[in-house]
Amino acid sequence: MTRNASNLQIDSTRLWGTIHETAKFGATPKGGVKRLTLGPEDKEVRDWFRTACEASGLEVHVDTLGSMFALRRGRDMGKPPVGLGSHLDTQPTGGKYDGVLGTLAALEVVRTLNDAGIETETPICIVNWTNEEGSRFAPATMASAAYAGDYTTDDILGRKDLAGISVGEALDSIGYRGDEAVGSRKFGAFVELHIEQGPLLEAETKTIGVVDRGQGIIWYDGKITGFESHAGTTPMPLRRDALAALAEIVLAVERIAKAHGPNAVGTTGEAVIAAPSRNVIPGEVAFTVDVRSPDSETLDAIDRDLRAAIAEIAPRRKVEITFDAIWRKPPTLFNPKLVDTIETATRALGFSYRRITSGAGHDACNLANVVPAAMIFVPCKDGVSHNELEDATQADCTAGANVLMHTVLALAGVAS
């Protein structure tokens with residue numbers, strides 16, 4: 001690496017400015033962002049991102065699932081590019097940094113290289129993956145999962161949101177169904193910068209998390225069918241209360257996750273009464289469960305215990321319960337050489353750091369199945385994410401972007 005490249009620093013003010021500029025697309029009154037995938041706000045930020053990439057000399061391509069690939073040419077175009085990026089969609093009560101930091105830091109890396117007149121040996125490609133969050137369409141990280149071969153393109157295009165709108169229809173409505181086949185654009189490596197979404201880095205006053213693995217995840221869809229009846233006239237022993245049964249399931253999820261701790265978590269995140277009324281005993285409730293662990297055997301054990309608990313609750317509560325695993329992501333082990341490259345860049349820049357496990361799922365976790373991949377974390381205030389109060393400092397975001405840039409330079413090389 002040349003002296004100029006080794007001393008290179010991203011433009012912190014410019015990165016911070018783009019983060020807050022894009023936060024206006026879907027801005028919420030509490031200072032967060034609501035930018036559901038493939039909605040009108042997502043189109044606005046995608047259009048902004050395309051314009052910014054093209055202004056930086058990048059060739060923007062879009063695949064059939066709407067993922068955006070912005071290519072910076074290298075001296076040797078025969079080599080597969082180094083991929084970097086994340087996503088631009090948010091949760092319904094999301095913040096300014098989740099996903100956005102990784103995508104805009106990738107753009108800032110390219111802008112910095114352009115400003116310095118540095119050509120890399122290997123091409124660089126920034127990616128904005130479609131529907132990382134999974135808040136509108138299930139599963140989460142669906143576009144990168146399809147890229148990795150976990151789902152077919154047609155399967156994902158047919159997935160529907162709660163309003164009955166399919167992914168394909170939503171893509172067409174915002175004009176982002178591309179013509180590039182999913183998975184056809186290959187990478188030599190992929191690096192994703194992200195806020196930690198947890199409390200460890202802040203608690204230990206570390207600037208960088210060198211992510212060496214990611215938790216496995218199972219998502220379940222459940223439905224409880226009891227019997228609607230009058231709240232005033234139905235004796236307690238004769239009730240088939242679907243919501244009361246759900247209350248037991250919620251507590252069972254909590255109890256079982258704790259029993260398999262400390263490296264396990266379980267969450268009942270959604271519950272919908274089919275026809276709610278103040279004076280009617282709920283007869284049907286739909287719900288979701290999310291369980292996670294970095295250990296596959298632990299996930300299997302949680303699954304067995306949950307199913308056993310539900311099998312005991314259903315007849316005792318005189319209800320029927322369906323409980324289907326709709327998505328399973330095995331624990332991820334990131335590429336050791338790439339993780340070491342990130343650690344080397346972090347040490348060379350003088351930042352405090354620790355190795356860390358990702359508690360959340362990310363696109364890089366899917367990519368790790370088909371290409372060398374790894375992640376970089378920076379702290380977020382109080383570990384809060386998926387919340388409008390999500391916050392991070394300019395200094396930490398800048399540090400993460402600099403580690404990203406020097407990792408990419410180590411992978412892509414500087415053309416002589």
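Let's start at Ser 385. In this predicted model, Ser 385 sits in the loop that links strand 15 (373–378) to helix 13 (394–412). Buried or exposed? Ser 385 has 16% relative accessibility, so it counts as buried. The cut-off for buried is under 20%.

What does the side chain of Ser 385 pair with? It makes a polar contact with the side chain of Gln 197, at 2.9 Å. Leave out residues up to four places away in sequence, and Ser 385 touches Asp 98, Ile 195, Gln 197 and Glu 390.

Helix 13 has 19 residues. From first C-alpha to last, helix 13 reaches 26 Å. At 1.5 Å a residue, 27 Å is expected, so the value is close. How many of its residues are buried? For helix 13, the count is 15 of the 19, so the helix is largely enclosed by the rest of the structure. What comes just after helix 13? There, Gly 413 takes a positive phi of about 75°.

Last stop, another loop. Gly 183 is found between helix 7 (167–174) and strand 5 (189–195). Gly 183 is buried too, because its relative accessible area is 14%, and the cut-off is under 20%. Now look across to Val 370. Gly 183 and Val 370 are 187 residues apart along the chain. Their C-alpha atoms are separated by 10.0 Å.

Definitions and conventions:
Residues numbered from 1 in each chain as written. Predicted model: local features only at pLDDT ≥ 70, side-chain atom pairs only at ≥ 80, totals over all residues. Heavy atoms only, no water. Helix = DSSP H or I, 4+ residues; strand = E, 2+ residues; numbered from the N terminus. Buried < 20%, exposed > 50% of the residue type's maximum accessible area, 1.4 Å probe, protein only. Polar contact = N/O pair within 3.5 Å; in protein donor to acceptor, adjacent residues only side chain to side chain. Contact = heavy atoms within 4.5 Å.
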